[in-house]
Amino acid sequence: MPTPLTAIVGRTEDTLNYEAAIRSLELPCFTTLNPEEASLASHLILPGGGDITPAFFGQQNHGSYNIDTELDIIQFQTLSHFIAEKKPVLGICKGLQLINVHLGGTVTQNLDTADTHKWTGQDQHHHVYHSGLDRTDFFYQLYGSATMVNSAHHQAADRLGTDLVTVCRAGDNVIEGIMHNSLPVIAVQWHPERMMDDGGELLLQYFMTF
């Protein structure tokens, strides 16, 4: 099996944790803002970041901030290529929402329970629970019925896009993990790259087997 090469599509100053996490697995990666360059990779990570421009999911701004429309466009273009080529994609935090929106879903722009999820200068933590699928999804295979994760978001997926299913939720029913029914596309709302000695490495290692 060839060594996977991962493209991280984001701004270099914001992706150092992701690069360090992949390289800790002794695997190559690179950060780029060029969809054509990213398309040369075998695997794609859509990292966390600010909020998606609400117009992309048909809404006015009702609480979104740290918007970077140029980056959104680049990430959507790259994701479109990887989906067309049926290549592996991992969405992390904002990345989950990008995948959802790209496939026709929507975003809750500010959760009613945002105080229990948002970034406060350090990771908050809470349990996420398996959503009762047939136990063959990646969440159950890696973590069983529940696990503790970090949390740094105030938005979440609302209506799911085409062929996406929920694999886990937080205690307040917020979607925390999704997967595609037929493509090698998975996503989580937490940050495994910040949990490399506490379960995050399991998810990244699993993704690299795709």
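For the classes used here, Ala, Val, Leu, Ile, Met, Phe, Trp, Tyr, Cys and Pro count as nonpolar, Asp, Glu, Lys and Arg as charged, and the others, Gly among them, as polar. The model is predicted, so that local features need pLDDT of at least 70 and side-chain atom pairs pLDDT 80 or more, whereas totals for chains, interfaces and linings use all residues. Residues are numbered from 1 along each chain as its sequence is written, and side-chain values use heavy atoms, without hydrogens and water.

By these classes, the lining of the largest pocket comprises nine nonpolar, 14 polar and nine charged residues.

Helices are DSSP runs of H or I with at least four residues, and strands are runs of E with at least two, numbered from the N terminus. Buried denotes under 20% relative accessible area, exposed over 50%, and partly exposed the range in between (1.4 Å probe, protein chains only). The buried residues of helix 3 include Leu71, Ile74, Phe76 and Phe82. Just after helix 3, Lys86 adopts a positive phi of about 55 degrees.

Seven aromatic pairs were found in the whole structure; rings of Phe, Tyr and Trp (its six-membered ring) pair if their centres lie within 6.5 Å, with planes under 30 degrees apart counted as stacked, over 60 as edge-to-face and the rest as tilted. Phe138 and Tyr206 are stacked, at 6.3 Å centre to centre and 25 degrees between the planes. Because Phe138 lies in helix 5 and Tyr206 in helix 6, this pair ties together parts 68 residues apart in sequence. Phe138 is buried, at 1% relative accessible area, while Tyr206 is partly exposed, at 27%.
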